[in-house]
Amino acid sequence: MKHIGAHAFINGKIVALSDAHLPITCSAVLYGLSVYSVVFIKHTASGWLIFRIKDHLERLRQSAQLIGFSGVPESLDEAKLISIIRDLLSLNQSSTDQLCRITLHLSANIPGVRTRNLPTIPSVFLYDANPILPSSGARIKTSSWRRTSDNAIPPRAKVNGAYVNSALAKQEAIDCGYDDALFLNQNGYVSELTASNLFLVKRGELITPDPASDILEGITRRSIIDIARSKSIPVIERKVALTELYTADELFACGTSAFVSPLVEVDSRTVGTGETGIITEGLRNTLLGIQVNSKHDWITLV
Ligand code: PMP
């Protein structure tokens, strides 16, 4: 299990993690009606560096709006969130890179599955940033489960309940001896992994499923696209067929908790040389460099 910080923020105050509870009667518990984001915080000698906090808050707002919540409360505006994170880092005496999970829970008690004009409870907690995929190269398998489609449970919204889909696929992959599952969408095109986005490299071009391929529009994905373009690597967002992955030169997953993870095997086929590819390595190193650069636009120093 990951190490979770001993203090957490819930409903306006910081409490011991063991006292941070939701009622068993509320919509968040009953129906998975919570929206969330996970933010990376780098530990450096000159302070803690939060990665793209504004973009995470904006996606949280969009997830809330899409599901029909009334919005993100003022207690989670950018300045207040930064101050909560600063307090938690200090109280928890954190000393390694952290992930910060920010959630907005629908807290009404048994209202049925309505979402609008109902109260919400925000929560924030920190835990150690251990990558969820092996950084030396992960092995993945196409799932027998399909990604929920935009007109069923839209993957664009980061809703807790939607992760049943990911859990089914992840467990199946682990049961079959793989590190993670590859989702196809209902149309049979490549979508994403269970908690990360996917890129392939073919003849020097970077290709990734487009936002209409039933993906979560990851903030790391967007960062990789920007970094690649700044290096003059062509980036194409489009539908991707499964067999394109089998013949890719390089393949990698990316996400806040997955970082940039090379994918070295898909459905028992070795990808490229079976090692981390040169373009993957270059993009990963540039991202890591930005995450330790307190002067970069994407970074907030606390
Ligand atoms: N897809 C899914 C399903 C995810 O859960 C995540 C992790 N948040 C991602 C992609 C990557 O998103 P991000 O880069 O914003 O962490």
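## Pockets in the model

A pocket is an open set of grid points with protein on both sides within 12 Å along at least five of seven lines, and its lining residues have an atom within 4 Å of a point. The structure described here is a predicted model.

## The second largest pocket

Eleven names make up this lining: Ala129, Pro131, Leu133, Ser135, Ala258, Phe259, Val260, Ser261, Arg284, Leu287 and Leu288. Two elements, β14 (259-266) and α7 (278-291), each give two or more residues to the lining of the second largest pocket. The space inside comes to about 150 Å³.

By class, eight residues of this lining are nonpolar. Two are polar and one is charged.

## The largest pocket

The largest pocket holds about 830 Å³ of space. Its lining counts 34 residues. Nearest the centre lie Tyr36, Arg101, Tyr163, Ala195 and Ser257.

Several elements supply at least two lining residues each: β3 (34-44), β6 (120-128), α4 (163-175), α5 (219-230) and β13 (250-255). Helix α4 gives the most, with four residues. The lining of the largest pocket divides into 16 nonpolar, ten polar and eight charged residues.

## Aromatic pairs

The structure holds five aromatic pairs. One of them joins Phe40 and Phe259; the ring centres are 5.2 Å apart and the planes stand at 90°, so this pair is edge-to-face. Planes over 60 degrees apart count as such. Phe40 sits in strand β3 and Phe259 in strand β14, so the pair links distant parts of the chain, 219 residues apart. Both Phe40 and Phe259 are buried. Phe259 also belongs to the lining of the second largest pocket.

A stacked pair is formed by Phe199 and Phe252. Here the centres are 5.1 Å apart, with 15° between the planes. Phe199 belongs to strand β10 (residues 197-202) and Phe252 to strand β13, so the pair ties together parts that are 53 residues apart in sequence. Phe199 and Phe252 are both buried. Strand β13 also supplies at least two residues of the lining of the largest pocket.

## Arginines over rings

Two tyrosine rings have an arginine over the face. Arg139 lies over Tyr178, at 4.7 Å from the ring centre. Arg269 lies over the face of Tyr246, at 4.1 Å from the ring centre.

Conventions: Residues are numbered from 1 along each chain as its sequence is written. This is a predicted model: local features need pLDDT of at least 70, side-chain atom pairs count only at pLDDT 80 or more; totals for chains, interfaces and linings use all residues. Side-chain values use heavy atoms; hydrogens and water are left out. On a 1 Å grid over the protein atoms alone, a cavity is a set of points where a 1.4 Å probe fits but cannot get out, and a pocket is an open set with protein on both sides within 12 Å along at least five of seven lines; lining residues have an atom within 4 Å of a point. Grid points are joined across faces, edges and corners, and a volume is the space filled by probe spheres set on the points. Ala, Val, Leu, Ile, Met, Phe, Trp, Tyr, Cys and Pro count as nonpolar, Asp, Glu, Lys and Arg as charged, and the others, Gly among them, as polar. Rings of Phe, Tyr and Trp (its six-membered ring) pair if their centres lie within 6.5 Å; planes under 30 degrees apart count as stacked, over 60 as edge-to-face and the rest as tilted. Buried means under 20% relative accessible area, exposed over 50%, partly exposed in between (1.4 Å probe, protein chains only). A charge sits over a ring if NZ of Lys or CZ of Arg is within 6 Å of the ring centre and within 35 degrees of the ring normal.
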